[in-house]
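Please look over the sequence and the model before reading the points below.

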Amino acid sequence: MSAASAPIAERLAAVRAEIGAAAREAGRDPSAVELVVVTKTRTATEIAAAISAGAHLLGENYVQEARRKIPEVEALLPGHGARWHVIGPLQTNKAKYVPGTFAAVESVDRVELADALAKRAAAAGLVLPVLIQVNVGREPQKAGVLPEGLAALLESLAGMASLAIGGLMAIPPECDDPADARPYFRALAESARRLSGRGLLPPAPVLSMGMSHDFAAAIAEGATRVRVGTAIFGPRPTGAEE
Ligand SMILES: *Cc1c(COP(=O)(O)O)cnc(C)c1O
């Protein structure tokens, strides 16, 4: 491993250890929490370092950026086998780029997008795993279906055979203290439980919640998947935030 990639490997190992500790503290099995390594704004070299250190699930916000970087990463690490998830707002007209490139979409929040993804997945002969993004804090600038619209959205998606709706994803309002995000995480977990009971989500739904500063709080509230960038790669270049 080159000197430049050592910090990424070390930070990834530290994040994994913290995930394990948070799970054990909550009385949960650490292997029940998946890590999505968030690669927005990171170079192919940085991403390859993370994959070499064991990252196998990668999250990208921007489909165009990912389409540029995925072949670069493949050239650096042929046959690496890591899979990519879309985790950011997706324009309906970009759905065509998803099947064959991304293994899952975690940010479905409206019928038109689900419909476009379902058609593309069906045409590609596959079933696309998706999560529904919920705007848990009802923030106008944030993507996601409002909590009160979630059940109706799931009902509209129920007939889309080429989508496998696995669970829910959320980004709570920015909180300086991760403890303040816990009620949002808890609300998402409770929604998922309720919707599972109604048959609108599978029996053990995926809960994708928690980022660099609050993943331990999310795991305490039942996260089965956390999405972490900064804690692994360091601060993002300024001006690169959405
Ligand atoms: C950027 C981003 C993350 C990771 O955020 P960090 O604070 O860098 O860990 C997770 N989820 C989504 C949807 C993001 O856009």
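The model is predicted: local features are given only at pLDDT of at least 70 and side-chain atom pairs only at pLDDT 80 or more, while totals for chains, interfaces and linings use all residues. Residues are numbered from 1 along each chain as its sequence is written, and side-chain values use heavy atoms, with hydrogens and water left out.

**Whole chain**

- The chain has 8 helices and 8 strands; helices (H or I, at least four residues) and strands (E, at least two) are DSSP runs numbered from the N terminus.
- A compact globule of 242 residues would have a radius of gyration near 18 Å, and the 17 Å of the chain agrees with that. The radius is taken over C-alpha atoms, and the globule rule is 2.2 Å times the number of residues to the power 0.38.
- Along the principal axes, the C-alpha atoms fill a box of roughly 50 × 45 × 35 Å.
- Of the 242 residues, 50% count as buried, where buried means under 20% relative accessible area, exposed over 50%, and partly exposed in between (1.4 Å probe, protein chains only).
- The accessible surface of the chain is about 10,900 Å², and 55% of it belongs to carbon and sulfur atoms. Such areas come from the Shrake-Rupley method with a 1.4 Å probe; for residues, only the protein chains shown count as cover.
- Among contacts in the chain with a separation of 6 or more, 63% are between residues 24 or more positions apart; contact means heavy atoms within 4.5 Å.

**Ligand site**

- There are 13 residues around the ligand, of which Lys40, Asn61, Ser212, Thr230 and Arg236 come nearest; a residue counts as near if one of its heavy atoms lies within 4 Å.
- By class, this shell has 5 nonpolar, 4 polar and 4 charged residues. Ala, Val, Leu, Ile, Met, Phe, Trp, Tyr, Cys and Pro count as nonpolar, Asp, Glu, Lys and Arg as charged, and the others, Gly among them, as polar.
- A polar side-chain atom of Lys40 lies 2.6 Å from a ligand oxygen atom, and one of Asn61 also lies 2.6 Å from a ligand oxygen atom.
- For Ser212, the distance from a polar side-chain atom to an oxygen atom of the ligand is 2.5 Å.
- The protein buries 94% of the 390 Å² that the ligand exposes when taken alone.

**Helix α2**

- Helix α2 spans residues 44-52, and its buried residues are Ala44, Ile47, Ala48, Ala49, Ala50 and Ile51.
- These buried residues pack against several elements, including α1 (6-25), β1 (34-38), β2 (57-60) and α3 (63-76).
- Gly54 follows α2 and has a positive phi, near 110 degrees.

**Loop residues**

- Thr39 lies in the loop between β1 and α2 and counts as buried because its relative accessibility is 0%.
- Beyond its neighbours within four places in sequence, Thr39 contacts residues including Ile47, Leu58, Trp84 and Phe233.
- Thr41 lies in the loop between β1 and α2 and has a positive phi of about 70 degrees, although it is not a glycine.
- Most residues other than glycine have a negative phi.
- Arg138, in the loop between β5 (128-134) and α5 (150-157), has a positive phi near 50 degrees. Arg138 counts as partly exposed, at 48% relative accessibility.
- Pro172 is in the loop between β6 (163-170) and α6 (182-197) and is buried, at 7% relative accessibility.
- Pro172 and Glu139 are 33 residues apart in sequence, with their C-alpha atoms 9.0 Å apart in space.

Key. A polar contact is a pair of N or O atoms within 3.5 Å; within protein, one must be able to donate a hydrogen and the other to accept it, and residues adjacent in sequence count only if both atoms are side-chain atoms.
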